[in-house]
Amino acid sequence: MNASLQSNALFLNMSGNLPPKVPHVFNDAYRGAVGGVLADFEPNDLIGAHQFRGSERDRCAGARFVARRLSEMPAPDRIVVANGTQSILLMLLASLVGRGRRLALESLSYPTLRSFADHLGFDLSPVPMDEEGALPDAFEAICRADRPAAYYAMPTLQNPTTGIMSVVRRQAIAEICRRYGIAIIEDDIYSLLPRDMPLPLSTFAPELSWYILGTAKSLAAALKVAYVVAPTAAAAAERFWPGVRATYWMCAPMNGSVVSKLIEIGHADRIIEAVRAETRARQAIVAERLAGADLRTRPDCLHVWLSLPDSRPASDFVSELRALGVEVSTSSTYAMGDTRPPNAIRFGMGTPRDRADFERGLNTITKVYFK
Ligand SMILES: Cc1ncc(COP(=O)(O)O)c(C=O)c1O
């Protein structure tokens, strides 16, 4: 993106899908949690030593947080507290996949995975998708041909397509992973705003699964805390012990403790509720303005996947929007390997500072789409 456009105060970057800010709830909750942590701990005790998997208290809070999605609360010994999802993905991909091996993932997926593949020297095996996500038959064919070491899964409100895998599809994918001995790395980051999502893929093959629930899409984008559930306590200890100082995946103790506090006193619930309400309010405007458009989203989803007619190539559409001061992303951003991206764009709910700015950006998108 052009730097001068970005620095223009009226320019709206709607390409990201951050959760909307909810200062009326977040600010006091966060201030209270920081004060609570400083009252609970002597600062030097809290910060005086590394916590490789997180403190016992932070892992207990993490177990409580992930229990929002799992059928039962995992033992705290299976939890690893990390400084965000990206950080833990880098660690897991380095150790579960690694140089010269392969990662299977949906053909449209989180672009960071492409950078990690380049960085760590592994190859990608993109799996064809339908509206739910990875197709089981195609996945099995890739498992047979490519023998991937792991599968990166995002079965709940997929980025970018917003796909949600049915339980039957989750069972089928888990069964294939079992048959071919493929580790599952599940990124469930978009799952906390909706209330009615199927159980994570990991619950169908827990012995193979590294389940990651980050806070960046439900509490605040830069909180930098994610919880991982390892297949077993032994697996967590083996991969996240002091000897594997390959990267710094640990979150700073103050940060981890503040998020623990938010969870313990129920303020994480209040923030998620407020983010959900603001997301739904913005999505209601999308449903009204873009009625009749070929789009995929849900009332509690942080992004919209908007398909374009063949006569309007996504790159031209994005340039037109940019000239009018609005940035969105094209489908090519998410295409893995040699996947040919469909003609579509993605825009997010949360980057504009308030609802009025969001509406301004959306009006521009609507004007260009319906012209
Ligand atoms: C699928 C997915 N996982 C993880 C992240 C980022 O998580 P974190 O900020 O915790 O690294 C994003 C952000 O866009 C994402 O889309």
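1. Domains. The chain is assigned two parts, domain 1 (3–22 + 273–370) and domain 2 (27–267), with bounds that come from an automatic or database domain assignment. Between them, 25 residues from domain 1 and 32 residues from domain 2 take part in the contact, where contact means heavy atoms within 4.5 Å. The C-alpha centres of domain 1 and domain 2 are 26 Å apart.

2. Ground rules. Please keep in mind that this is a predicted model, in which local features need pLDDT of at least 70 and side-chain atom pairs count only at pLDDT 80 or more, while totals for chains, interfaces and linings use all residues. Residues are numbered from 1 along each chain as its sequence is written, and side-chain values use heavy atoms, with hydrogens and water left out.

3. The largest pocket. Its volume is about 320 Å³. (On a 1 Å grid over the protein atoms alone, a pocket is an open set with protein on both sides within 12 Å along at least five of seven lines, a cavity is a set of points where a 1.4 Å probe fits but cannot get out, and lining residues have an atom within 4 Å of a point.) Of the 22 lining residues, Q86, Y110, I189, A216 and K217 lie nearest the pocket's centre. The lining has 10 nonpolar, 8 polar and 4 charged residues, and each of domain 1 and domain 2 supplies at least three residues to it.

4. The cavity. The count comes to 1 cavity of 30 Å³ or more. L157, I189, Y190, L193, K217, D300, C301 and L302 line the largest cavity; 6 of these are nonpolar, none polar and 2 charged. Both domains give residues to this lining, so the largest cavity lies between them.

5. Helix 10. This helix (residues 253–264) has 12 residues and reaches 16 Å from first C-alpha to last, close to the 16 Å expected at 1.5 Å a residue. (Helices are DSSP runs of H or I, at least four residues, and strands are runs of E, at least two; the expected span is 1.5 Å times one less than the number of residues.) Because 10 of its 12 residues are buried, helix 10 is largely enclosed by the rest of the structure; buried means under 20% relative accessible area with a 1.4 Å probe, protein chains only.

6. Neighbours of helix 10. Its buried residues, among them P253, V258 and I263, pack against elements including helix 2 (23–40), strand 10 (226–229) and helix 11 (267–289). Just after helix 10, G266 takes a positive phi of about 85°.

Definitions and conventions: Buried < 20%, exposed > 50% of the residue type's maximum accessible area, 1.4 Å probe, protein only. Points joined across faces, edges and corners; volume = space filled by probe spheres on them. Nonpolar A, V, L, I, M, F, W, Y, C, P; charged D, E, K, R; others polar.
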